[in-house]
Amino acid sequence: MARDTGRKNDTGRKLIAQNKRARYDYHVDDTWEAGMVLMGTEVKALRAGRASLADGFAHVRDGEVWLENVHIPEYTQGTWTNHAPRRRRKLLLHRREIQKIIAKSEEPGWTLIPLSLYFKDGKAKVEIGLARGKKSYDKRQAIAKREAEREMQKAAAARFRRR
């Protein structure tokens, strides 16, 4: 008989939204997991699996990290207590992490972008990354590299099948 130890495994992660374009448009240097200060209707809208990180960004103001332009649509069964879809949301990070973010993001060319939004053990989390924009030739090189790897895998698979 299996005994319940009360521990939760790390698989309790439910993805809500992902910014796939971010890794295409930016070189992501460092990432952090942050909690968010949300209203009740925002949590319910997220549980319905609706959010968009497309235009989102984060910045530091007065020693706190804020998430802007992330679209969480209004909860359909909400009342007058519903939230504004693109309101500013405070991110919850440790002081050391905020100091590290401040030190790195003050350099020119760096920005904080949300990479994914998910529930982890029932709590809404956002993964933010410190990123620098890619040039168009960087994007072409990444596409060429990906296609070359795909061709090598196809050739290896064809060679393996001939045996």
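Reader: Let's start with a pairing. Which residue in β4 is the bridge partner of histidine 59?

Author: Some ground rules come before the answer. This is a predicted model, where local features need pLDDT of at least 70, side-chain atom pairs count only at pLDDT 80 or more, and totals for chains, interfaces and linings use all residues. Residues are numbered from 1 along each chain as its sequence is written, and side-chain values use heavy atoms, with hydrogens and water left out. Now the answer: histidine 59 has tryptophan 66 as its bridge partner in β4. Strands here are DSSP runs of E with at least two residues, helices are runs of H or I with at least four, and both are numbered from the N terminus.

Reader: And how do β3 and β4 pair, in which sense and over how many bridges?

Author: Two strands pair if DSSP finds at least two bridges between them. Strand β3 (residues 57-61) and strand β4 (residues 64-68) are antiparallel, with 5 bridges.

Reader: Is aspartate 62 buried or exposed?

Author: The cut-offs are on relative accessible area: buried is under 20%, exposed is over 50%, and partly exposed is in between (1.4 Å probe, protein chains only). Aspartate 62 counts as exposed because its relative accessibility is 74%. Another positive phi, of about 65°, belongs to asparagine 69, again not a glycine. Asparagine 69 sits in the loop between β4 and β5, and it is partly exposed because its relative accessibility is 30%.

Reader: Back to histidine 59. Why does it count as buried?

Author: Histidine 59 has 19% relative accessibility, so it counts as buried. Its side chain also makes a polar contact of 2.8 Å with the side chain of glutamate 68. A polar contact is a pair of N or O atoms within 3.5 Å; within protein, one must be able to donate a hydrogen and the other to accept it, and residues adjacent in sequence count only if both atoms are side-chain atoms. For plain contacts, the test is heavy atoms within 4.5 Å. Leaving aside neighbours within four places in sequence, histidine 59 is in contact with Glu64, Val65, Trp66 and Glu68.

Reader: What else does β4 pair with?

Author: β4 pairs with strand β5 (residues 89-92) in the antiparallel sense over 3 bridges, and valine 65 has leucine 91 as its bridge partner in β5. As for burial, 4 of the 5 residues in β4 are buried. β5 is also joined to β2 by 2 bridges, running antiparallel, with glycine 35 partnered to leucine 92. β2 and β7 make an antiparallel pair over 9 bridges, in which alanine 34 stands opposite valine 126.

Reader: Which residues touch the most other members of the largest nonpolar core?

Author: A nonpolar core is a set of buried Ala, Val, Leu, Ile, Met, Phe, Trp, Tyr and Cys residues joined through side-chain atoms within 4.5 Å. The largest one has 26 residues, and Met36, Leu46, Leu91, Leu93, Leu117, Val126 and Ile128 touch the most other members. Elements giving two or more residues to this core include β1 (13-18), β2 (26-36), α2 (40-47) and β4. Not counting residues up to four places away in sequence, valine 126 touches several residues, among them Trp32, Met36, Leu67 and Leu91.

Reader: Then which arginine lies over the face of phenylalanine 119?

Author: A charge sits over a ring if NZ of Lys or CZ of Arg is within 6 Å of the ring centre and within 35 degrees of the ring normal. Arginine 47 does this at 4.3 Å from the ring centre of phenylalanine 119. Arginine 88 lies over the face of tryptophan 66, at 5.9 Å from the ring centre.
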